Amino acid sequence: MGMRSADGAPNLLLVGAAAQGLEAAGLFVVIVANLIDLADGHTYQKSGAIAIIVIEVIVAIGVAWIASGIVRVRPWTRTPAVMTQVFTLVIAVWLLEAHRIAWGLPALVIALAGLAGLFAPTSLRALARPRGTTPR
């Protein structure tokens with residue numbers, strides 16, 4: 001009934017995957033900015049900056065992994081994807097309250113688009129496990 005892409009994933013689910021992918025790309029932009037700050041000596045403590053960059057890399061890889069799972073219509077991706085969108089929504093509001101419109105507005109739009117894509121009825125059906133099955 002809903003529109004589907006060529007590989008069988010609902011189009012709105014692909015919107016959720018695209019939002020997740022854009023968030024991963026945004027995290028990589030932040031990582032590059034932090035690396036530049038570290039190289040220029042604009043950090044308070046080098047060890048703290050390195051630790052934060054390592055954590056950011058791990059999170060960015062995880063977010064990208066979730067996006068690839070959504071594209072492959074893996075049921076396990078629904079919960080972490082929604083959690084990522086909600087977290088991005090909270091961060092977007094925080095950025096907007098801090099008058100960081102250039103970062104907050106895109107984050108808000110991406111998070112809302114991601115939630116809309118993930119909660120669309122066709123997306124919910126695609127990511128639902130058949131009744132009586134357990135995850136492997």
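**View 1. Helices H1 and H2 pack against each other.** In this predicted model, the axes of helix H1 (residues 11–40) and helix H2 (residues 46–71) come within 9 Å and cross at roughly 165 degrees. Axes here are lines fitted to C-alpha atoms over the stretch in contact, with angles running from 0 to 180 degrees between N-to-C directions. H1 is therefore roughly antiparallel to H2, a term for angles over 145 degrees. The contact of H1 with H2 involves 23 nonpolar, four polar and three charged residues; Ala, Val, Leu, Ile, Met, Phe, Trp, Tyr, Cys and Pro count as nonpolar, Asp, Glu, Lys and Arg as charged, and the others, Gly among them, as polar.

**View 2. Ala111 sits in helix H4.** Helix H4 spans residues 101–119 and includes Ala111. Ala111 counts as buried because its relative accessibility is 0% (buried means under 20% relative accessible area, with a 1.4 Å probe and protein chains only). Beyond neighbours within four places in sequence, Ala111 is in contact with Glu23, Gln85, Thr88 and Leu89, contact meaning heavy atoms within 4.5 Å. Ala19 lies 92 residues from Ala111 in sequence, yet their C-alpha atoms are 6.8 Å apart.

**View 3. Here is the whole chain for context.** The protein chain has five helices and zero strands, where helices are DSSP runs (H or I) of at least four residues and strands (E) of at least two, numbered from the N terminus. Of its 136 residues, 30% count as buried.

**Notes.** Residues are numbered from 1 along each chain as its sequence is written, and side-chain values use heavy atoms, leaving out hydrogens and water. Local features need pLDDT of at least 70 and side-chain atom pairs count only at pLDDT 80 or more, while totals for chains, interfaces and linings use all residues.

Notes: Parallel < 35°, antiparallel > 145°, perpendicular 65-115°, else oblique. Buried < 20%, exposed > 50% of the residue type's maximum accessible area, 1.4 Å probe, protein only.
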